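Here's my note for you, one point at a time.

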Amino acid sequence: MWKRALDRAGVREPQLRRDYTEQRRAVRRFAAAEYAAARVLLPAELLPHVVAAVAFMHDTDDRIDRGTPDDRAAALA
């Protein structure tokens, strides 16, 4: 299913496919139920892009939720 979603989304370059797949693994680790719902509800051509956006959102949230205000600003720089 994931390979088909990447194909339908136009993600063809091998390294980019690996990058999207890495983000998929991250999302499945921290939001398994939400990932399952997205798989069922979203069209295949949107799924990889939504997964990548969610992974980015989660990573940036983690960066700004840890440390002092200066540490947080530096993490986002």
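**Notes on the fold**

1. Start with the overall count: the protein chain has 5 helices and 0 strands. (Helices are DSSP runs of H or I with at least four residues, strands are runs of E with at least two, and numbering starts from the N terminus.) Going along the sequence, the pattern reads α-α-α-α-α. The radius of gyration is 14 Å, well over the 11 Å that the globule rule gives for 77 residues, so the chain is more spread out than a compact globule. (That radius is taken over C-alpha atoms, and the rule is 2.2 Å times the number of residues to the power 0.38.) The C-alpha atoms fill a box of roughly 45 × 25 × 15 Å along the principal axes.

2. A quick word on what you're looking at. This is a predicted model, where local features need pLDDT of at least 70 and side-chain atom pairs count only at pLDDT 80 or more, while totals for chains, interfaces and linings use all residues. Residues are numbered from 1 along each chain as its sequence is written, and side-chain values use heavy atoms, with hydrogens and water left out.

3. Of the 77 residues in the protein chain, 25% are buried. (Buried is under 20% relative accessible area, exposed is over 50%, and partly exposed is in between, with a 1.4 Å probe and protein chains only.) The accessible surface is about 5400 Å², and carbon and sulfur atoms own 55% of that. (The areas come from the Shrake-Rupley method with a 1.4 Å probe; for residues, only the protein chains shown count as cover.)

4. Next, the core. Which residues touch the most other members of the largest nonpolar core? They are W2, L47 and V51, in a core of 13 residues. Helices α1 (2–8), α2 (14–30), α3 (32–41) and α4 (47–64) each give two or more residues to this core. (A nonpolar core is a set of buried Ala, Val, Leu, Ile, Met, Phe, Trp, Tyr and Cys residues joined through side-chain atoms within 4.5 Å.) In soluble globular proteins, nonpolar side chains tend to be buried together.

5. Not counting residues up to four places away in sequence, W2 touches Y20, T21, R24, Y35, L47, P48 and V51. (Contact means heavy atoms within 4.5 Å.) L47 sits in helix α4 and is buried at 1% relative accessibility. Beyond its neighbours within four places, L47 is in contact with M1, W2, A5, A38, R39 and L42. From L47 to R66 it's 19 residues in sequence and 29 Å in space, C-alpha to C-alpha.

6. Have a look at two arginines as well. Are R24 and R17 buried or exposed? R24 is buried, with a relative accessible area of 16%, and R17 is buried too, at 18%. Leaving aside neighbours within four places, R24 contacts W2, Y35 and V51, while R17 contacts K3, L6, D7, V11 and R12. R24 and A52 are 28 residues apart in sequence, yet their C-alpha atoms are 7.0 Å apart.

7. Finish with K3. This lysine lies in helix α1 and is exposed, with a relative accessible area of 63%. K3 and P48 are 45 residues apart in sequence and 9.7 Å apart in space, C-alpha to C-alpha.
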